[in-house]
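Here is a short report for a first look at a structure. Keep the sequence and the 3D view open while reading.

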Amino acid sequence: MTGAGYKSTLDPGWKNLAGHLVFLTCLVLFALSMPAAAWDPKAAEFLLIIGLIGVWRYSWAVLHWVRSIIYRKIVFPRWRRRADALAEAGMPSQVYLLVTSFRIDSDTTMRVYEAAIREAIDCGAPTTIVASIVEMGDQRLIKQLFEMCAPPPDVRLKFVRIAGTGKRDALAFGFRAIAADNPPDDAVAAVVDGDSILEEGLIRRCAPFFQMFPRAGALTTDEDCEVQGNWVFHHWYAMRFAQRQIHMSSVGLSRNVLTLTGRMSMFRASIITDSEFIQRVEVDWIDHWRLGRIKFLTGDDKSSWYHLLRDGWQMLYIPDVRVLTVEDAPSESFLQGSIVLMRRWFGNMLRTNTRAIALGPRRMGLFTWWSIIDQRISMWTCLTGVVVTALYGVTDGPVMIALYAFWILSTRYILTLSFLASRSTVSPWWPLLLYYNQVVGSFVKIYMVYHLNQQKWTRQKTTLAAQSSDWRTRLSAASSPAMMAVASITFVMLLGLSIGVFELPNTGAIMTSLGL
């Protein structure tokens, strides 16, 4: 990468070490500069309340961390030895690579397809690369690159040209092209985004798991990234992927995942060629009690995930294989760009969340089911500390706010160090970005849960238009901010009452004053 590009692998050298020393020094100086009032019994009571409120979040984080260690250090290494022992016997008789590209720069397109062609040649199984594209320029570039690589006859390239109507259509047309090939029963298909570069040996390291686990319908892998844009995005993405590795490994212990990422997920070909699956990915929706039918514009990966979850398939996580993604920030402003991305990610999650919960724990296992429920709980619990501190700040002054800031910096730094379980180095910027994700992410989730009908691509300038302009639609839209306001006020009031900042009115005194 050149120019504004940043490699996602953080510098493990002296600069990173110096950053940690500066952070710790500032933390100690912060503690020493606290006024005496910060350590009186009132402050201790405040920290106790904050700690008790955080017990759920911290215990849940510890549980994920422990499960991820068990999976990556004990369970998965056994799986890997079994997969490697299968050797050629573990490979399918046919492999498909479906790559979707739209409005991606030519340098990235060349890197993506060069890696895909290399994998097709090296995997040792007959492989068909299906390029689902829009522009003729991409077709010429990919064809030229394919010819330059001089693949053997059992590696084929097939093009699917569509109008620029979105990734869902691109996937559906690609799935139908694979279905027309009548793949054998043991065939597998990797669905690859147009900005995702496959790691060398990915197919051979992933495909045998389908033979090992007959109930496995799909799998996905770890991710790393290169980021174009503001340097803060580089640290933010790297932190998110480190956190993702822990959470995905934790749920992976239950032979499940919480999303089949669109960057790269591998499926049994018999699933992605099924007409019902194709129809769900192409046109998916939910019926909302207030907003009516919401057709999904984004979130194709959530649609495919829900389909497999509903049908009782296992979904595996392969933590020792990575896909490199080239991330292009939607804005030079970190605040604006991160909120745009979180609105898309969290909107996709919440639109599928309710129907996944309705499947019940028997369909997916208790831990996976509770993890999905927690996605809805966490948007509120992650804000309890902020709200409680703000309420105490009104009654007890800024000392409590300073004490809370010290608490946040300390606990988030410990959480950052826990990411060394998934990455070889961590950044001193991560404690601040973790708290940013917690607070701003929670606000975005709360906003999106009451505005599920709002959708927008980041690469395409496409939004979902209202399906109707009648009074019911306008009334439903107007009710969204009203319901969000009522829920938020109720949340603040309940917290205020629980810590004694607010008090319920004395109904007896009120009745007496009214002469009743």
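## Helix α11 and its end

Just after α11, G312 has a positive phi of about 80°. Helices (H or I, at least four residues) and strands (E, at least two) are DSSP runs, numbered from the N terminus. This is a predicted model, in which local features need pLDDT of at least 70, side-chain atom pairs count only at pLDDT 80 or more, and totals for chains, interfaces and linings use all residues. Residues are numbered from 1 along each chain as its sequence is written, and side-chain values use heavy atoms, with hydrogens and water left out.

Helix α11 itself is mostly covered, with 10 of its 11 residues buried. Buried means under 20% relative accessible area, exposed over 50%, and partly exposed in between (1.4 Å probe, protein chains only). The buried residues of α11 are D300, D301, K302, S303, S304, W305, Y306, H307, L308 and L309.

## Cysteines

How many disulfides does the structure hold? The count is 0. A disulfide is a pair of cysteine sulfur atoms within 2.5 Å. C123 is in no disulfide, and its nearest cysteine sulfur, that of C206, is 12 Å away. For C206, the closest cysteine sulfur is in C123, and 12 Å is too far for a bond.

Both sites can be checked for cover. C123 counts as buried, at 1% relative accessibility. C206 is buried too, with a relative accessible area of 0%.

## Salt bridges

A salt bridge is a side-chain nitrogen of Lys or Arg within 4 Å of a carboxyl oxygen of Asp or Glu. By this rule there are 23 salt bridges. One of them joins D222 and R322, at 2.9 Å from N to O. D222 lies in strand β7 (residues 216–228) and R322 in strand β11 (residues 314–328), so this pair ties together parts that are 100 residues apart in sequence. D222 is buried, at 0% relative accessibility. R322 is partly exposed, with a relative accessible area of 29%.

E276 forms a salt bridge with R310, and their closest N and O atoms are 3.0 Å apart. This pair links distant parts of the chain: E276 is in helix α10 (residues 275–282) and R310 is in helix α11 (residues 300–310), 34 residues apart. E276 is partly exposed at 38% relative accessibility. R310 is partly exposed at 21%.

R355 and D284 meet in a salt bridge at 2.6 Å, N to O. R355 is buried, and so is D284. Salt bridges that share partners also join K167, D193, D195, R263, D300 and E327 into one network.

## Aromatic pairs

A pair of aromatic rings is described by the distance of the centres and the angle of the planes. Rings of Phe, Tyr and Trp (its six-membered ring) pair if their centres lie within 6.5 Å; planes under 30 degrees apart count as stacked, over 60 as edge-to-face and the rest as tilted. The whole structure holds 25 aromatic pairs. In one of them, the rings of W56 and W370 have centres 6.2 Å apart and planes at 90°, so the pair is edge-to-face. W56 lies in helix α2 and W370 in helix α14 (residues 366–381), so the pair ties together parts that are 314 residues apart in sequence. W56 is partly exposed, with a relative accessible area of 31%. W370 is partly exposed at 30% relative accessibility.

F175 and F277 form a tilted pair, 5.6 Å centre to centre with 55° between the planes. F175 is in helix α5 (residues 167–179) and F277 is in helix α10, 102 residues apart. Both F175 and F277 are buried. Elsewhere, ring pairs link F233, W236, Y237, F241, F334, W345 and Y436 into a cluster.

## Charges over rings

A charge sits over a ring if NZ of Lys or CZ of Arg is within 6 Å of the ring centre and within 35 degrees of the ring normal. Which ring face does R67 lie over? R67 lies over the face of F367, at 3.6 Å from the ring centre. R290 lies over the face of W289, at 6.0 Å from the ring centre.
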